[in-house]
Amino acid sequence: MITVDNLTKRFGPFTAVDGLSFTVKPGEVLGFLGPNGAGKSTTMKMITGFLAPTSGQVTVYGHNTLDDSLNARKIMGYLPEGAPSYGDMTPLKFLRFIGEVRGFRGAELTQRVQSVVDALQLESVLNQTIETLSKGFKRRVGLAQAIIHDPKVLVLDEPTDGLDPNQKHEVRKLIQNLSKDKIVIVSTHILEEVSAVCTRAMIIAGGKLLVDDTPQALEARSRFHGAIQLVLTHAEGALEQLQALEGVKSVELSESGLSLTVFPEVGASLFLPINDLLQKNNWEVHEFHVEKGKLDDVFRAITHGGSVNE
Amino acid sequence: MSNFTVVLKRELASYFATPLAYVFIVIFLMLTGVFTFFLGGFFENGQADLWAFFNFHPWLYLFLVPALSMRLWSEERKSGTIELLMTLPISLRDMVVGKFLAAWLFTGIALLLTFPLWMTVNYLGEPDNGAIMAGYLGSWMMSGAFLAIGSCISAATKNQVIAFILTAVVCFLFVMSGFNLVQEWFTGWALDWVVDAIAALSFLTHFNAIAKGVLDLRDVLYFMVIIIGWLVATAIVLDMKKAD
(Lines give C-alpha, C1' and ligand atoms only; values in the text may rest on other atoms or scores of the structure.)
Protein backbone atom coordinates (compact mmCIF):
# COMPACT_ATOMS: atom_id res chain seq x y z
CA MET A 1 0.00 0.00 0.00
CA ILE A 2 1.23 3.49 -0.84
CA THR A 3 0.09 6.45 1.19
CA VAL A 4 0.70 9.93 -0.14
CA ASP A 5 -0.06 12.52 2.47
CA ASN A 6 -0.39 16.19 1.65
CA LEU A 7 2.58 16.04 -0.68
CA THR A 8 3.97 19.40 -1.77
CA LYS A 9 7.04 20.31 -3.79
CA ARG A 10 8.20 23.83 -4.48
CA PHE A 11 11.08 24.84 -6.72
CA GLY A 12 11.77 28.39 -5.59
CA PRO A 13 8.59 30.35 -6.13
CA PHE A 14 7.12 27.66 -8.37
CA THR A 15 4.85 25.07 -6.83
CA ALA A 16 5.13 21.86 -8.85
CA VAL A 17 3.01 19.67 -6.62
CA ASP A 18 0.45 21.20 -4.35
CA GLY A 19 -0.97 19.20 -1.45
CA LEU A 20 -1.56 15.83 -3.10
CA SER A 21 -3.12 13.13 -0.93
CA PHE A 22 -4.16 9.64 -1.98
CA THR A 23 -3.61 5.97 -1.26
CA VAL A 24 -3.01 3.14 -3.70
CA LYS A 25 -3.86 -0.44 -2.81
CA PRO A 26 -2.28 -3.64 -4.12
CA GLY A 27 -3.87 -4.74 -7.38
CA GLU A 28 -4.49 -1.21 -8.55
CA VAL A 29 -3.02 0.14 -11.74
CA LEU A 30 -3.07 3.88 -11.27
CA GLY A 31 -2.78 6.12 -14.30
CA PHE A 32 -1.46 9.65 -13.85
CA LEU A 33 -2.85 11.96 -16.46
CA GLY A 34 -2.16 15.59 -16.97
CA PRO A 35 -0.72 18.14 -19.35
CA ASN A 36 3.05 18.60 -19.57
CA GLY A 37 4.35 20.32 -16.47
CA ALA A 38 1.37 19.21 -14.40
CA GLY A 39 3.56 17.67 -11.71
CA LYS A 40 3.23 14.02 -12.71
CA SER A 41 6.95 13.34 -12.93
CA THR A 42 7.71 15.36 -9.82
CA THR A 43 5.14 13.32 -7.90
CA MET A 44 6.68 10.09 -9.17
CA LYS A 45 10.15 11.30 -8.21
CA MET A 46 8.92 11.89 -4.69
CA ILE A 47 7.19 8.51 -4.49
CA THR A 48 10.41 6.78 -5.52
CA GLY A 49 12.39 8.86 -3.04
CA PHE A 50 14.56 10.64 -5.58
CA LEU A 51 13.21 14.04 -4.59
CA ALA A 52 12.52 15.09 -1.04
CA PRO A 53 9.12 16.74 -0.65
CA THR A 54 8.96 20.34 0.55
CA SER A 55 6.24 19.15 2.91
CA GLY A 56 4.07 16.11 3.33
CA GLN A 57 5.24 12.52 3.08
CA VAL A 58 5.04 9.26 1.17
CA THR A 59 5.02 5.81 2.74
CA VAL A 60 5.44 2.67 0.69
CA TYR A 61 4.31 -0.45 2.56
CA GLY A 62 5.07 1.32 5.80
CA HIS A 63 8.48 2.61 4.72
CA ASN A 64 8.79 6.36 4.68
CA THR A 65 10.61 7.42 1.52
CA LEU A 66 12.72 9.90 3.46
CA ASP A 67 13.69 8.20 6.72
CA ASP A 68 13.51 4.62 5.54
CA SER A 69 14.37 5.26 1.92
CA LEU A 70 16.58 2.22 1.35
CA ASN A 71 13.86 -0.24 2.37
CA ALA A 72 11.29 1.61 0.29
CA ARG A 73 13.60 1.51 -2.72
CA LYS A 74 14.11 -2.24 -2.33
CA ILE A 75 10.47 -3.02 -3.05
CA MET A 76 10.08 -0.52 -5.87
CA GLY A 77 10.93 -0.71 -9.53
CA TYR A 78 11.20 2.61 -11.34
CA LEU A 79 11.43 3.66 -14.93
CA PRO A 80 12.43 7.34 -14.87
CA GLU A 81 11.25 9.72 -17.56
CA GLY A 82 13.21 9.16 -20.76
CA ALA A 83 14.45 5.75 -19.57
CA PRO A 84 18.02 6.78 -18.71
CA SER A 85 20.67 4.07 -18.73
CA TYR A 86 24.43 3.80 -19.09
CA GLY A 87 25.08 4.29 -22.79
CA ASP A 88 28.49 2.65 -22.85
CA MET A 89 27.19 -0.60 -21.35
CA THR A 90 25.48 -3.39 -23.22
CA PRO A 91 21.93 -4.37 -22.13
CA LEU A 92 23.34 -7.64 -20.77
CA LYS A 93 25.96 -5.94 -18.59
CA PHE A 94 23.53 -3.23 -17.56
CA LEU A 95 20.84 -5.70 -16.49
CA ARG A 96 23.40 -7.81 -14.64
CA PHE A 97 24.54 -4.68 -12.82
CA ILE A 98 20.99 -3.82 -11.80
CA GLY A 99 20.39 -7.44 -10.81
CA GLU A 100 23.46 -7.42 -8.58
CA VAL A 101 22.39 -4.17 -6.96
CA ARG A 102 19.03 -5.83 -6.34
CA GLY A 103 20.87 -8.57 -4.49
CA PHE A 104 20.91 -11.43 -7.00
CA ARG A 105 24.02 -13.54 -7.52
CA GLY A 106 25.14 -16.52 -9.53
CA ALA A 107 22.54 -18.71 -11.19
CA GLU A 108 19.65 -16.67 -9.86
CA LEU A 109 21.10 -13.51 -11.39
CA THR A 110 21.48 -15.19 -14.77
CA GLN A 111 17.95 -16.54 -14.58
CA ARG A 112 16.46 -13.15 -13.57
CA VAL A 113 18.25 -11.39 -16.41
CA GLN A 114 17.11 -14.05 -18.87
CA SER A 115 13.49 -13.76 -17.78
CA VAL A 116 13.32 -10.00 -18.35
CA VAL A 117 15.25 -10.34 -21.60
CA ASP A 118 12.57 -12.76 -22.74
CA ALA A 119 9.70 -10.66 -21.44
CA LEU A 120 10.91 -7.60 -23.34
CA GLN A 121 12.43 -9.34 -26.33
CA LEU A 122 15.92 -7.95 -25.91
CA GLU A 123 17.76 -11.06 -27.09
CA SER A 124 18.81 -9.56 -30.43
CA VAL A 125 20.54 -6.50 -28.93
CA LEU A 126 22.06 -7.99 -25.77
CA ASN A 127 25.65 -7.34 -26.77
CA GLN A 128 25.30 -3.99 -28.48
CA THR A 129 26.06 -0.86 -26.47
CA ILE A 130 22.91 0.85 -25.26
CA GLU A 131 23.78 4.18 -26.89
CA THR A 132 23.54 2.56 -30.32
CA LEU A 133 20.03 1.19 -29.71
CA SER A 134 16.80 2.63 -31.07
CA LYS A 135 14.50 4.58 -28.80
CA GLY A 136 12.15 1.62 -28.52
CA PHE A 137 14.89 -0.74 -27.39
CA LYS A 138 16.25 1.80 -24.91
CA ARG A 139 12.80 2.12 -23.39
CA ARG A 140 12.50 -1.66 -23.16
CA VAL A 141 15.88 -1.94 -21.46
CA GLY A 142 14.60 0.63 -18.96
CA LEU A 143 11.47 -1.43 -18.37
CA ALA A 144 13.47 -4.64 -18.00
CA GLN A 145 15.60 -2.95 -15.37
CA ALA A 146 12.49 -1.89 -13.45
CA ILE A 147 10.90 -5.33 -13.24
CA ILE A 148 13.99 -7.52 -12.78
CA HIS A 149 13.37 -8.02 -9.05
CA ASP A 150 9.62 -8.58 -9.42
CA PRO A 151 8.88 -5.51 -7.30
CA LYS A 152 5.75 -5.00 -5.23
CA VAL A 153 5.52 -1.45 -6.50
CA LEU A 154 6.22 -0.42 -10.05
CA VAL A 155 6.47 3.24 -11.01
CA LEU A 156 6.64 3.91 -14.74
CA ASP A 157 7.05 7.41 -16.09
CA GLU A 158 5.72 7.39 -19.65
CA PRO A 159 6.61 3.76 -20.39
CA THR A 160 5.32 3.74 -23.95
CA ASP A 161 6.74 7.06 -25.08
CA GLY A 162 8.64 6.57 -28.32
CA LEU A 163 7.40 3.06 -28.99
CA ASP A 164 5.66 2.01 -32.17
CA PRO A 165 2.06 0.72 -31.96
CA ASN A 166 3.12 -2.92 -31.75
CA GLN A 167 5.60 -2.22 -29.00
CA LYS A 168 3.02 -0.13 -27.17
CA HIS A 169 0.69 -3.06 -27.29
CA GLU A 170 3.40 -5.37 -25.91
CA VAL A 171 4.18 -3.05 -23.04
CA ARG A 172 0.51 -2.70 -22.16
CA LYS A 173 0.15 -6.45 -22.17
CA LEU A 174 3.18 -6.70 -19.92
CA ILE A 175 1.66 -4.26 -17.44
CA GLN A 176 -1.64 -6.12 -17.51
CA ASN A 177 0.09 -9.44 -16.95
CA LEU A 178 2.03 -8.32 -13.91
CA SER A 179 0.60 -10.26 -11.07
CA LYS A 180 -2.53 -8.88 -9.56
CA ASP A 181 -1.16 -8.10 -6.12
CA LYS A 182 1.16 -5.34 -7.31
CA ILE A 183 0.81 -1.62 -7.22
CA VAL A 184 1.52 -0.05 -10.60
CA ILE A 185 1.67 3.69 -11.14
CA VAL A 186 1.92 4.81 -14.75
CA SER A 187 2.04 8.29 -16.18
CA THR A 188 1.07 8.98 -19.73
CA HIS A 189 -0.38 11.49 -22.14
CA ILE A 190 -1.94 8.77 -24.19
CA LEU A 191 -5.52 8.55 -23.06
CA GLU A 192 -6.41 5.29 -24.74
CA GLU A 193 -3.66 3.75 -22.62
CA VAL A 194 -5.56 4.66 -19.49
CA SER A 195 -8.66 2.81 -20.62
CA ALA A 196 -6.48 -0.07 -21.79
CA VAL A 197 -4.41 -0.73 -18.66
CA CYS A 198 -5.51 1.32 -15.67
CA THR A 199 -8.04 0.47 -13.02
CA ARG A 200 -7.94 3.98 -11.72
CA ALA A 201 -7.14 7.33 -13.27
CA MET A 202 -6.01 10.55 -11.69
CA ILE A 203 -5.95 13.81 -13.58
CA ILE A 204 -3.40 16.28 -12.27
CA ALA A 205 -2.92 19.85 -13.43
CA GLY A 206 -0.97 22.65 -11.83
CA GLY A 207 0.18 20.21 -9.15
CA LYS A 208 -3.35 19.64 -7.91
CA LEU A 209 -5.46 16.54 -8.04
CA LEU A 210 -8.52 17.33 -10.16
CA VAL A 211 -10.13 13.95 -10.67
CA ASP A 212 -9.65 10.52 -9.12
CA ASP A 213 -11.91 7.92 -10.67
CA THR A 214 -12.10 4.79 -12.78
CA PRO A 215 -11.43 5.23 -16.49
CA GLN A 216 -15.04 4.15 -17.18
CA ALA A 217 -16.43 6.80 -14.87
CA LEU A 218 -14.18 9.35 -16.53
CA GLU A 219 -15.53 8.41 -19.92
CA ALA A 220 -19.03 8.75 -18.54
CA ARG A 221 -18.28 12.37 -17.82
CA SER A 222 -17.88 13.02 -21.49
CA ARG A 223 -20.85 14.56 -23.26
CA PHE A 224 -20.31 11.84 -25.81
CA HIS A 225 -21.00 9.15 -23.25
CA GLY A 226 -24.00 7.16 -24.51
CA ALA A 227 -24.30 9.35 -27.58
CA ILE A 228 -25.25 7.55 -30.77
CA GLN A 229 -23.62 8.14 -34.09
CA LEU A 230 -25.66 7.46 -37.19
CA VAL A 231 -25.05 7.59 -40.89
CA LEU A 232 -28.33 7.44 -42.77
CA THR A 233 -29.45 7.88 -46.35
CA HIS A 234 -32.91 8.63 -47.71
CA ALA A 235 -33.93 9.82 -44.32
CA GLU A 236 -36.26 12.77 -44.77
CA GLY A 237 -37.03 14.53 -41.53
CA ALA A 238 -34.73 12.34 -39.49
CA LEU A 239 -33.23 15.29 -37.67
CA GLU A 240 -36.62 16.51 -36.45
CA GLN A 241 -37.91 13.08 -35.51
CA LEU A 242 -34.75 12.27 -33.57
CA GLN A 243 -34.93 15.55 -31.75
CA ALA A 244 -38.49 14.80 -30.76
CA LEU A 245 -37.58 11.48 -29.15
CA GLU A 246 -37.82 11.26 -25.42
CA GLY A 247 -34.45 11.41 -23.66
CA VAL A 248 -32.72 13.21 -26.51
CA LYS A 249 -30.92 16.32 -25.46
CA SER A 250 -29.68 17.47 -28.83
CA VAL A 251 -28.80 16.26 -32.29
CA GLU A 252 -25.77 17.46 -34.17
CA LEU A 253 -25.10 17.15 -37.85
CA SER A 254 -21.46 16.62 -38.77
CA GLU A 255 -19.80 19.24 -40.94
CA SER A 256 -19.87 16.96 -43.93
CA GLY A 257 -23.59 16.60 -43.40
CA LEU A 258 -23.38 12.84 -43.52
CA SER A 259 -23.37 11.69 -39.93
CA LEU A 260 -25.62 12.56 -37.04
CA THR A 261 -24.71 12.49 -33.38
CA VAL A 262 -27.60 12.15 -30.97
CA PHE A 263 -26.81 13.23 -27.43
CA PRO A 264 -28.84 11.77 -24.57
CA GLU A 265 -30.19 13.48 -21.48
CA VAL A 266 -28.20 12.53 -18.39
CA GLY A 267 -28.91 8.89 -17.58
CA ALA A 268 -31.06 8.21 -20.61
CA SER A 269 -30.34 5.28 -22.89
CA LEU A 270 -31.07 5.95 -26.54
CA PHE A 271 -30.25 2.66 -28.13
CA LEU A 272 -33.72 1.11 -28.15
CA PRO A 273 -35.81 4.18 -29.00
CA ILE A 274 -33.55 5.08 -31.90
CA ASN A 275 -33.48 1.54 -33.12
CA ASP A 276 -37.28 1.49 -33.12
CA LEU A 277 -37.45 4.78 -34.95
CA LEU A 278 -35.04 3.56 -37.62
CA GLN A 279 -37.08 0.42 -38.24
CA LYS A 280 -40.40 2.26 -38.27
CA ASN A 281 -39.18 4.68 -40.92
CA ASN A 282 -37.27 2.12 -42.87
CA TRP A 283 -34.27 4.43 -43.26
CA GLU A 284 -31.14 3.03 -44.75
CA VAL A 285 -28.55 2.73 -41.97
CA HIS A 286 -24.87 2.75 -42.89
CA GLU A 287 -23.47 3.21 -39.46
CA PHE A 288 -24.83 2.94 -35.98
CA HIS A 289 -22.71 3.01 -32.90
CA VAL A 290 -22.87 3.94 -29.28
CA GLU A 291 -20.09 6.18 -28.02
CA LYS A 292 -18.45 5.22 -24.75
CA GLY A 293 -17.27 8.73 -24.19
CA LYS A 294 -14.21 10.55 -25.35
CA LEU A 295 -11.45 10.76 -22.75
CA ASP A 296 -9.74 13.47 -24.77
CA ASP A 297 -12.77 15.61 -24.29
CA VAL A 298 -12.98 15.02 -20.58
CA PHE A 299 -9.26 15.58 -20.22
CA ARG A 300 -9.36 18.89 -22.06
CA ALA A 301 -12.41 20.10 -20.22
CA ILE A 302 -11.01 19.19 -16.81
CA THR A 303 -7.50 20.49 -17.30
CA HIS A 304 -8.73 23.75 -18.76
CA GLY A 305 -10.95 24.22 -15.78
CA GLY A 306 -14.10 24.19 -17.85
CA SER A 307 -17.13 21.99 -17.48
CA VAL A 308 -17.35 18.64 -19.23
CA ASN A 309 -20.69 19.37 -20.78
CA GLU A 310 -19.70 22.40 -22.76
CA MET B 1 29.68 -8.64 -2.17
CA SER B 2 28.08 -5.44 -0.98
CA ASN B 3 26.55 -2.81 -3.20
CA PHE B 4 29.63 -0.68 -2.92
CA THR B 5 31.70 -3.30 -4.73
CA VAL B 6 28.97 -3.60 -7.37
CA VAL B 7 29.20 0.15 -8.00
CA LEU B 8 32.99 0.02 -7.98
CA LYS B 9 33.06 -2.83 -10.47
CA ARG B 10 30.65 -1.15 -12.88
CA GLU B 11 32.49 2.14 -12.67
CA LEU B 12 35.93 0.64 -13.20
CA ALA B 13 34.66 -1.42 -16.14
CA SER B 14 33.17 1.73 -17.66
CA TYR B 15 36.64 3.32 -17.87
CA PHE B 16 37.81 0.45 -20.01
CA ALA B 17 34.59 0.29 -22.06
CA THR B 18 35.56 3.60 -23.69
CA PRO B 19 38.90 4.82 -25.03
CA LEU B 20 39.18 7.02 -21.92
CA ALA B 21 41.25 4.52 -19.94
CA TYR B 22 43.72 3.87 -22.73
CA VAL B 23 44.11 7.52 -23.68
CA PHE B 24 44.65 8.44 -20.06
CA ILE B 25 47.22 5.75 -19.41
CA VAL B 26 49.18 6.40 -22.59
CA ILE B 27 49.30 10.16 -22.00
CA PHE B 28 50.20 9.63 -18.36
CA LEU B 29 53.08 7.32 -19.22
CA MET B 30 54.35 9.58 -21.98
CA LEU B 31 54.28 12.66 -19.80
CA THR B 32 55.94 10.98 -16.84
CA GLY B 33 58.68 9.93 -19.27
CA VAL B 34 59.10 13.41 -20.66
CA PHE B 35 59.17 15.01 -17.22
CA THR B 36 61.54 12.49 -15.74
CA PHE B 37 64.12 12.39 -18.49
CA PHE B 38 64.02 15.87 -20.02
CA LEU B 39 62.81 18.24 -17.34
CA GLY B 40 63.83 16.24 -14.31
CA GLY B 41 67.26 15.35 -15.62
CA PHE B 42 67.06 11.77 -14.47
CA PHE B 43 70.44 10.82 -15.94
CA GLU B 44 72.20 14.12 -15.25
CA ASN B 45 71.41 13.85 -11.56
CA GLY B 46 73.57 10.78 -11.41
CA GLN B 47 71.60 9.44 -8.49
CA ALA B 48 69.87 6.12 -8.25
CA ASP B 49 66.47 7.39 -7.12
CA LEU B 50 63.15 8.37 -8.66
CA TRP B 51 63.05 11.89 -7.30
CA ALA B 52 63.07 13.30 -10.83
CA PHE B 53 60.02 11.15 -11.52
CA PHE B 54 57.95 11.91 -8.42
CA ASN B 55 58.85 15.59 -8.34
CA PHE B 56 56.56 16.39 -11.24
CA HIS B 57 53.56 14.37 -10.16
CA PRO B 58 51.68 17.24 -8.51
CA TRP B 59 51.84 19.18 -11.77
CA LEU B 60 50.91 16.19 -13.85
CA TYR B 61 47.93 15.42 -11.66
CA LEU B 62 46.84 19.00 -11.83
CA PHE B 63 45.43 18.56 -15.29
CA LEU B 64 45.18 14.78 -15.67
CA VAL B 65 43.18 13.99 -12.56
CA PRO B 66 40.44 16.60 -13.18
CA ALA B 67 39.99 14.98 -16.59
CA LEU B 68 39.30 11.74 -14.80
CA SER B 69 37.17 13.10 -11.99
CA MET B 70 35.03 15.49 -14.05
CA ARG B 71 32.85 12.68 -15.33
CA LEU B 72 32.27 10.99 -11.97
CA TRP B 73 28.96 12.70 -11.25
CA SER B 74 28.51 15.29 -14.01
CA GLU B 75 27.92 12.55 -16.52
CA GLU B 76 25.30 10.90 -14.33
CA ARG B 77 23.55 14.23 -14.01
CA LYS B 78 23.75 15.01 -17.70
CA SER B 79 22.44 11.65 -18.88
CA GLY B 80 19.81 11.40 -16.15
CA THR B 81 21.21 8.12 -14.83
CA ILE B 82 21.61 9.81 -11.46
CA GLU B 83 17.85 9.35 -11.05
CA LEU B 84 18.18 5.67 -11.79
CA LEU B 85 21.18 5.22 -9.52
CA MET B 86 19.67 7.09 -6.61
CA THR B 87 16.41 5.15 -6.70
CA LEU B 88 18.26 1.83 -6.58
CA PRO B 89 18.76 0.37 -3.11
CA ILE B 90 22.32 1.68 -2.78
CA SER B 91 23.19 3.98 0.09
CA LEU B 92 24.65 7.37 -0.76
CA ARG B 93 27.86 6.38 1.03
CA ASP B 94 28.27 3.25 -1.09
CA MET B 95 27.76 5.27 -4.27
CA VAL B 96 30.22 8.02 -3.35
CA VAL B 97 32.89 5.65 -2.04
CA GLY B 98 32.38 3.10 -4.82
CA LYS B 99 32.78 5.66 -7.56
CA PHE B 100 35.72 7.34 -5.88
CA LEU B 101 37.55 4.07 -5.25
CA ALA B 102 37.06 3.03 -8.88
CA ALA B 103 38.75 6.24 -10.02
CA TRP B 104 41.44 5.90 -7.37
CA LEU B 105 42.20 2.31 -8.30
CA PHE B 106 42.40 3.44 -11.89
CA THR B 107 45.08 6.03 -11.11
CA GLY B 108 46.78 3.30 -9.10
CA ILE B 109 46.86 1.12 -12.21
CA ALA B 110 48.29 3.98 -14.27
CA LEU B 111 50.91 4.56 -11.61
CA LEU B 112 51.86 0.88 -11.44
CA LEU B 113 52.37 0.86 -15.19
CA THR B 114 55.36 3.17 -14.70
CA PHE B 115 57.23 0.13 -13.35
CA PRO B 116 59.78 0.15 -16.21
CA LEU B 117 61.24 3.28 -14.59
CA TRP B 118 61.68 1.42 -11.36
CA MET B 119 63.33 -1.42 -13.24
CA THR B 120 65.59 1.05 -15.04
CA VAL B 121 66.80 2.67 -11.86
CA ASN B 122 67.42 -0.75 -10.34
CA TYR B 123 69.37 -1.77 -13.40
CA LEU B 124 71.49 1.35 -13.35
CA GLY B 125 72.23 1.48 -9.68
CA GLU B 126 71.22 0.42 -6.23
CA PRO B 127 68.36 2.66 -5.20
CA ASP B 128 66.62 2.66 -1.85
CA ASN B 129 63.60 0.64 -2.85
CA GLY B 130 61.86 1.45 0.43
CA ALA B 131 62.03 5.14 -0.45
CA ILE B 132 60.69 4.41 -3.92
CA MET B 133 57.79 2.48 -2.41
CA ALA B 134 57.07 5.43 -0.17
CA GLY B 135 57.20 7.69 -3.20
CA TYR B 136 54.64 5.58 -5.03
CA LEU B 137 52.41 5.46 -1.98
CA GLY B 138 52.66 9.23 -1.51
CA SER B 139 51.91 9.88 -5.15
CA TRP B 140 48.90 7.58 -5.02
CA MET B 141 47.63 9.22 -1.82
CA MET B 142 47.96 12.62 -3.46
CA SER B 143 46.09 11.48 -6.55
CA GLY B 144 43.31 10.36 -4.18
CA ALA B 145 43.15 13.83 -2.67
CA PHE B 146 42.91 15.38 -6.16
CA LEU B 147 40.19 12.90 -7.07
CA ALA B 148 38.16 13.54 -3.93
CA ILE B 149 38.18 17.27 -4.68
CA GLY B 150 37.18 16.50 -8.26
CA SER B 151 34.40 14.19 -7.10
CA CYS B 152 32.83 16.93 -5.00
CA ILE B 153 33.02 19.54 -7.76
CA SER B 154 31.72 17.07 -10.33
CA ALA B 155 28.75 16.38 -8.07
CA ALA B 156 27.83 20.04 -8.17
CA THR B 157 27.50 20.49 -11.92
CA LYS B 158 26.22 18.65 -14.95
CA ASN B 159 28.77 20.41 -17.14
CA GLN B 160 31.99 18.41 -17.38
CA VAL B 161 34.03 21.34 -18.69
CA ILE B 162 33.09 23.43 -15.68
CA ALA B 163 33.91 20.51 -13.42
CA PHE B 164 37.32 20.17 -15.06
CA ILE B 165 38.26 23.83 -14.78
CA LEU B 166 37.02 24.31 -11.22
CA THR B 167 38.74 21.14 -10.06
CA ALA B 168 42.00 22.20 -11.65
CA VAL B 169 41.77 25.62 -9.98
CA VAL B 170 40.96 24.25 -6.52
CA CYS B 171 43.70 21.63 -6.80
CA PHE B 172 46.10 24.33 -7.97
CA LEU B 173 45.36 26.33 -4.83
CA PHE B 174 45.99 23.25 -2.70
CA VAL B 175 49.32 22.68 -4.40
CA MET B 176 50.39 26.31 -4.46
CA SER B 177 49.61 27.11 -0.84
CA GLY B 178 52.96 25.57 0.13
CA PHE B 179 54.99 27.78 -2.16
CA ASN B 180 57.15 30.59 -0.82
CA LEU B 181 55.46 33.01 -3.16
CA VAL B 182 52.10 32.40 -1.57
CA GLN B 183 53.56 32.28 1.89
CA GLU B 184 55.24 35.67 1.47
CA TRP B 185 52.02 37.19 0.33
CA PHE B 186 50.40 36.20 3.60
CA THR B 187 53.24 36.90 6.00
CA GLY B 188 53.24 40.37 7.44
CA TRP B 189 49.53 40.90 7.64
CA ALA B 190 48.02 37.51 8.46
CA LEU B 191 48.45 35.91 11.86
CA ASP B 192 51.30 33.46 12.11
CA TRP B 193 49.08 30.48 12.73
CA VAL B 194 47.05 31.34 9.64
CA VAL B 195 50.22 31.34 7.55
CA ASP B 196 51.26 28.04 9.09
CA ALA B 197 47.82 26.58 8.52
CA ILE B 198 47.91 27.57 4.86
CA ALA B 199 51.32 26.01 4.44
CA ALA B 200 50.18 22.89 6.25
CA LEU B 201 47.25 22.55 3.87
CA SER B 202 49.50 22.26 0.86
CA PHE B 203 49.75 19.02 -1.01
CA LEU B 204 53.38 19.83 -1.82
CA THR B 205 54.55 20.01 1.77
CA HIS B 206 53.14 16.59 2.55
CA PHE B 207 53.94 14.97 -0.75
CA ASN B 208 57.56 16.12 -0.82
CA ALA B 209 58.13 14.59 2.59
CA ILE B 210 56.77 11.23 1.49
CA ALA B 211 58.40 11.35 -1.93
CA LYS B 212 61.79 11.81 -0.31
CA GLY B 213 61.18 8.52 1.41
CA VAL B 214 60.16 9.83 4.79
CA LEU B 215 56.91 8.05 5.45
CA ASP B 216 55.49 10.08 8.31
CA LEU B 217 52.14 8.91 9.60
CA ARG B 218 51.01 12.52 9.82
CA ASP B 219 51.46 13.03 6.08
CA VAL B 220 49.48 9.89 5.31
CA LEU B 221 46.86 11.00 7.77
CA TYR B 222 46.72 14.41 6.10
CA PHE B 223 45.81 12.91 2.74
CA MET B 224 43.28 10.56 4.34
CA VAL B 225 41.58 13.48 6.06
CA ILE B 226 41.50 15.47 2.81
CA ILE B 227 40.00 12.50 0.96
CA ILE B 228 37.36 11.72 3.57
CA GLY B 229 36.50 15.39 4.01
CA TRP B 230 35.90 15.96 0.31
CA LEU B 231 33.95 12.72 -0.02
CA VAL B 232 31.65 13.75 2.81
CA ALA B 233 31.23 17.06 1.01
CA THR B 234 30.40 15.12 -2.17
CA ALA B 235 27.63 13.25 -0.38
CA ILE B 236 26.25 16.49 1.06
CA VAL B 237 26.27 18.21 -2.33
CA LEU B 238 24.55 15.22 -3.96
CA ASP B 239 21.91 15.06 -1.29
CA MET B 240 21.22 18.78 -1.50
CA LYS B 241 20.89 19.07 -5.23
CA LYS B 242 19.89 15.71 -6.59
CA ALA B 243 17.45 16.96 -9.12
CA ASP B 244 19.03 20.02 -10.75
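## Ground rules

The model is predicted, so local features need pLDDT of at least 70 and side-chain atom pairs count only at pLDDT 80 or more, while totals for chains, interfaces and linings use all residues. Residues are numbered from 1 along each chain as its sequence is written, chains are lettered from A and ligands numbered from 1 in the order written, and side-chain values use heavy atoms, with hydrogens and water left out.

Let's start with H4 of chain A, residues 106–119. (Helices are DSSP runs of H or I with at least four residues, strands are E runs with at least two, and both are numbered from the N terminus.) Its 14 residues reach 20 Å from first C-alpha to last, close to the 20 Å expected at 1.5 Å a residue; that expected span is 1.5 Å times one less than the number of residues.

Which residues of H4(A) are buried? They are A:Leu109, A:Val113, A:Val116 and A:Val117.

## A residue in H5

A:Val141 sits in helix H5, residues 135–147, and counts as buried at 0% relative accessibility. Beyond neighbours within four places in sequence, its contacts (heavy atoms within 4.5 Å) include A:Pro91 and A:Leu122.

## Two loop residues

A:Gln121 is not a glycine, yet its phi is positive, about 50°. A:Gln121 lies in the loop between H4 and H5 and is partly exposed at 45%.

How values were computed: Buried < 20%, exposed > 50% of the residue type's maximum accessible area, 1.4 Å probe, protein only.
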